[in-house]
Amino acid sequence: MTILLLGSGGREHAFAWKMTQSPLCEKLFVVPGNAGTAAIAENVAISPTDFEAVKALVLKENISLVVVGPEDPLVKGIYDYFKNDESLKHIPVIGPSKLGAQLEGSKEFAKEFLMKHNIPTAAYDSFTAETVEKGCEFLETLQPPYVLKADGLAAGKGVLIIQDLEEAKTELRNMLVHAKFGTASAKVVIEEFLDGIELSCFVLTDGKSYKILPTAKDYKRIGEGDTGLNTGGMGAVSPVPYVDAVLMEKIETRIVKPTIEGFQKDGIEYKGFVFIGLINVKNEPIVIEYNVRMGDPETEVVVPRLKSDLVELFLSVADQKLGDFNLEVDPRSATTVMVVSGGYPEDFEKGKVISGLENVTDSIVFHAGTKLDNENVVTNGGRVIAVTSYGDNFQEAIKKSYQNIDKLSFDKMYFRKDIGFDLI
């Protein structure tokens, strides 16, 4: 079959790497892709949110499955676009409906869903520019640090955690009145801070059944020791060593099951990934957020641990036969380290030539922000490359990733040298 994958990051390269291993995948198109996907699939330079252009490609190339990587096309309703189009409705889209995608598209929608279905989450309230002073009063009722979340999509940067009350009030006004994150912060959710260790739980659902994928933990801050600004993620580890059977059972019964049942009760069509951002507070799992796609860079450690055929897995979702699918997982650990552009997550330069890729051995290189410039692979984003390795434990895997990163170079290249530091 011919398959279309939407997206251009490390997550999409990992999907492409796995799907092209399937005997069912005759041809793979990636929109728009990167230098990594160009080596194993055919990139098409259109936007994943240009649904008319996507439709034209699907019909021209006789594509029979569409896999959506990033959140934007989902929040904008690509699932519904296909479903409501006579010439496209027979083609399955892996991803939730527009209503389901609101779990990520609106922090307020997500919090209301969690509360409605009695899923453990932090206490919260939401505010707009009109109620900004009420928001400041609400902050006074909380203990520091204060958590401010832009309601809409802000490319992973719309969450502020602030120690000082006056600074929190100032930032709330910046977000609501001065549009710090544009329209994404026209509404802001304020919630209580939870102190614990974060982890990610990934679930694939066909709307009725679900499979829990391997656990992972990513590292969001730019600086070592989890300091500095938030990024899209600087590295990841799978499985998470401290997640035992007892915690996993709590996650499944208190969070995963009521989430999938909530979709059914609320009439939400959902055939795709649910990323559940959790915090483990004294061995009690509490939901921080939902995303409606796989995480990045967690995909770069979760997908390599799947032994099952990924295309078969997606087809079982499309046909609502996921309950019958036998998901096999590699028992080894996998780790990934993100190599990023100097200056990221603030201003950085693109177009730096990357050298040493051909020297990497015993690790998988997933391209994130790269493109081909003549014969050269050059940087084309903040997060440039993810180097993923296997090991009998995460320490062994991480060592391999660092050994191979030493073979890579580009101007102002940066990476964290302490991924997994808190798990030792």
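**A strand and its neighbours**

Modeller: Let's start with a pair: Lys149 stands opposite Val189 in β9. That label comes from DSSP: helices (H or I runs of at least four residues) and strands (E runs of at least two) are numbered from the N terminus. Before we go on, this is a predicted model, where local features need pLDDT of at least 70 and side-chain atom pairs count only at pLDDT 80 or more, while totals for chains, interfaces and linings use all residues. Residues are numbered from 1 along each chain as its sequence is written, and side-chain values use heavy atoms, with hydrogens and water left out.

Two strands count as paired if DSSP finds at least two bridges between them.

How many of the residues of β7 are buried? It's 5 of 5, so to speak the strand is mostly covered. Buried means under 20% relative accessible area, exposed over 50%, and partly exposed in between, using a 1.4 Å probe and protein chains only. In a regular strand the side chains alternate between the two faces of the sheet. In β7, Tyr146, Leu148 and Ala150 lie on one side, Val147 and Lys149 lie on the other, and they are all buried.

Zoom out a bit. The open sheet has 4 strands in the order β6-β9-β7-β8, with antiparallel pairing. At its edges are β6 (124–128) and β8 (159–162), each pairing on one side only. On average, neighbouring strands here are turned by 20 degrees against each other, direction ignored. Angles like this use lines fitted to C-alpha atoms (for helices, over the stretch in contact) and run from 0 to 180 degrees between N-to-C directions.

Two helices pack on this sheet. Helix α8 (residues 132–140) touches β6, β7 and β9, and its direction makes about 155 degrees with that of β6. Helix α9 (residues 165–176) touches β6, β7, β8 and β9, and makes about 5 degrees with β7. Touching, or contact, means heavy atoms within 4.5 Å.

Now for the other spots, starting with a helix pair. Helix α6 (residues 98–105) and helix α7 (residues 107–116) pack at about 100 degrees, with axes 6 Å apart. They are therefore roughly perpendicular; that label covers 65 to 115 degrees, while under 35 is roughly parallel, over 145 roughly antiparallel and the rest oblique. From α6 the contact uses Leu99, Gln102, Leu103 and Gly105, and from α7 it uses Lys107, Phe109, Ala110 and Phe113. Within α6, Gly100, Ala101, Leu103, Glu104 and Gly105 are buried. Those buried residues pack against several elements, including α7 and α10 (245–265).

A second open sheet has 5 strands in the order β12-β15-β18-β22-β19, paired antiparallel. Its edges are β12 and β19 (364–367), each with a single partner strand, so one side of each has no neighbour in the sheet. Further in, 8 bridges join β18 (residues 333–340) to β22 (residues 383–391), and Thr336 stands opposite Thr388 in β22.

Finally, look at Lys217, which sits in strand β12 (residues 217–218). Is Lys217 buried or exposed? With 6% relative accessibility, it counts as buried. Leaving out residues up to four places away in sequence, Lys217 touches Ile197, Tyr242 and Leu423, among others. Its side chain also makes a polar contact of 3.5 Å with that of Asp422. That term means a pair of N or O atoms within 3.5 Å; within protein, one must be able to donate a hydrogen and the other to accept it, and residues adjacent in sequence count only if both atoms are side-chain atoms.
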